[in-house]
Amino acid sequence: MKKLGFGMMRLPLLDQEDPKSVDFEEVCRLVDRFLDAGFTYFDTAYMYHNYESERIVKRALVDRHPRKSFSLASKLPSMFLQKEGDQERIFEEQLLKCGVGYFDYYLIHNLNAKHYEIAERFDSFSFVSRLKREGRVRKIGFSFHDTAEVLDRILTDHPEVDFVQIQLNYLDWEHESIQSRLCYETCVRHGKPVIVMEPVKGGTLAKVPPRVEALLTDAHPDWSMASWAIRFAATQENVFMVLSGMSDMTQLQDNIGYMADFVPLNEKELSLLPEAVRLLHADIAVACTSCRYCVEGCPKNIEIPKYFELYNAEMRAPNTVFGTHQEYYENLTETHGKASDCIGCRRCEKSCPQHIRIVAALKNVAKVFETD
């Protein structure tokens, strides 16, 4: 199976303000071209495109192509489980919406420390394992958004999973909160193959600042910026699938062009990416170096550097319905004070070697991530 998967979460729209207004005819053209090029993996989920993605999959893929010609993945939404029977009801609904008798890959969706508690309360791992025994699911896994420590705990508790889906890209590889490299290495240590989501970080790595573009274009004038990101993810030895949310034919043609006969990045190419990351980080809203001098003694236990890192990433990213920085922010607020909890004592500012106006910056963080 080729390493590129079609993520059905950023489909072309007729109305950019309405995620349900999917351009069905264009999706059909994308699906057909993807299959014609020898790619077979499609990924959807219960809530994508306001609960319409699975129905689009049925109409554009399942109803128009032989079942054995593709692999289909969907996900059990752990965050929506409220009462006994929800798992069974949702799974049956998904089979019906997709028009299939089984899923090739089935994931417990969006596990973090909080959602893992829900999955354990509903015995979700036993549920998906039973589906596998019954032949209604071929392989089981989970998608993940949290620290490597949490991931290690889940994989230690549940070695029965076949794979893990994580956020992995060259910008987040050493990210203090997202921890792409550490999460990847945790999967390797547990012997679990990896599916990559967000390889282009919601489009951030497809449209980079001019200095980054010049650096990478100088090495390969014919490579797109997105291709560098997807190639990086696919180069990791334990990665067997890289998902790309393709919204138009130009993106799809670019992706299948270099992934049809994929060649991993060499050492010289890989060596350019740390400099690209450095330049990307230079284009940030808050010039925090994560020295953490501000954290010690904070009366509200606010995780200031990590909040600034997520805020900077959010400011660089294009507007997207499915951004993940909000999730990582909420994960941190489970054990730390929110940005809005700041009482303005300014102890942090007195200890900051970068002379950042931290109190004012935290107000901006709260405006972005605390919208309720």
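**Exercise 1. Helix 4**

Task: In this predicted model, find how many residues helix 4 has, how far it reaches, and which of its residues are buried.

Solution. 
1. Helix 4 covers residues 86–98, which gives it 13 residues.
2. From its first C-alpha to its last, helix 4 reaches 18 Å, close to the 18 Å expected at 1.5 Å a residue.
3. The buried residues of helix 4 are Asp86, Gln87, Ile90, Phe91, Gln94, Leu95, Lys97 and Cys98.
4. Seen down the helix axis, these buried residues fall within an arc of 165°, so they line one face of helix 4.

**Exercise 2. The surroundings of helix 4**

Task: State what the buried residues of helix 4 pack against, and which residue follows the helix.

Solution. 
1. Among the helices, the buried residues of helix 4 pack against helix 2 (48–51), helix 3 (53–62) and helix 6 (124–133).
2. They also pack against strand 3 (71–77), strand 4 (103–111) and strand 5 (137–144).
3. Glycine 99 follows helix 4, and its phi is positive, near 70°.

**Exercise 3. Aromatic pairs**

Task: Describe the pair of phenylalanine 91 and phenylalanine 127, and then the pair of phenylalanine 34 and phenylalanine 42.

Solution. 
1. The structure holds 25 aromatic pairs.
2. A pair of aromatic rings is described by the distance of the centres and the angle of the planes.
3. For phenylalanine 34 and phenylalanine 42 the centres are 5.3 Å apart and the planes are at 70°, an edge-to-face pair.
4. Both phenylalanine 34 and phenylalanine 42 are buried.
5. Phenylalanine 91 and phenylalanine 127 are also edge-to-face, with 6.4 Å centre to centre and 85° between the planes.
6. This second pair links distant parts of the chain: phenylalanine 91 is in helix 4 and phenylalanine 127 in helix 6, 36 residues apart.
7. Phenylalanine 91 and phenylalanine 127 are both buried.
8. One aromatic cluster is formed by Phe6, Phe34, Phe39, Phe42 and Phe70.

**Exercise 4. Arginines over rings**

Task: Name the ring that arginine 59 lies over, and the ring that arginine 231 lies over.

Solution. 
1. Arginine 59 lies over the face of phenylalanine 24, at 3.8 Å from the ring centre.
2. Arginine 231 lies over the face of tryptophan 223, at 3.5 Å from the ring centre.

**Exercise 5. Nonpolar cores**

Task: Give the number of residues in the largest nonpolar core, and the residues with the most contacts inside it.

Solution. 
1. The largest nonpolar core has 95 residues.
2. Phe42, Phe142, Phe144 and Tyr170 have the most contacts inside this core.
3. Helix 10 (residues 225–235) gives the most to this core, with eight residues.
4. Apart from this core lies another, of 24 residues, among them Tyr329, Cys348, Ile358 and Leu362.
5. To look at one member, take phenylalanine 142: leaving aside neighbours within four places in sequence, its contacts include Leu107, Ile108, Leu111, Phe125, Leu151 and Ile154.
6. Further contacts of phenylalanine 142 include Leu155, Val161, Phe163, Val164 and Gln165.
7. In soluble globular proteins, nonpolar side chains tend to be buried together.

**Exercise 6. Glycine 7 and glycine 245**

Task: Find where glycine 7 and glycine 245 lie, and what each touches.

Solution. 
1. Glycine 7 lies in strand 1 (residues 4–7), and at 5% relative accessibility glycine 7 counts as buried.
2. Not counting residues up to four places away in sequence, glycine 7 touches Asp43, Ser244, Gly245 and Met246.
3. Glycine 245 lies in the loop between strand 8 (239–244) and helix 11 (249–259).
4. Glycine 245 counts as partly exposed, at 27% relative accessibility.
5. With the residues up to four places away again left out, glycine 245 touches Gly7, Arg10 and Gln251.

How values were computed:
Residues numbered from 1 in each chain as written. Predicted model: local features only at pLDDT ≥ 70, side-chain atom pairs only at ≥ 80, totals over all residues. Heavy atoms only, no water. Helix = DSSP H or I, 4+ residues; strand = E, 2+ residues; numbered from the N terminus. Buried < 20%, exposed > 50% of the residue type's maximum accessible area, 1.4 Å probe, protein only. Contact = heavy atoms within 4.5 Å. Expected span 1.5 Å × (residues − 1). Arc of directions from axis to C-beta. Core = buried A, V, L, I, M, F, W, Y, C linked by side-chain atoms within 4.5 Å. Phe/Tyr/Trp six-rings, centres within 6.5 Å; stacked < 30°, edge-to-face > 60°. Lys NZ or Arg CZ within 6 Å of the ring centre and 35° of its normal.
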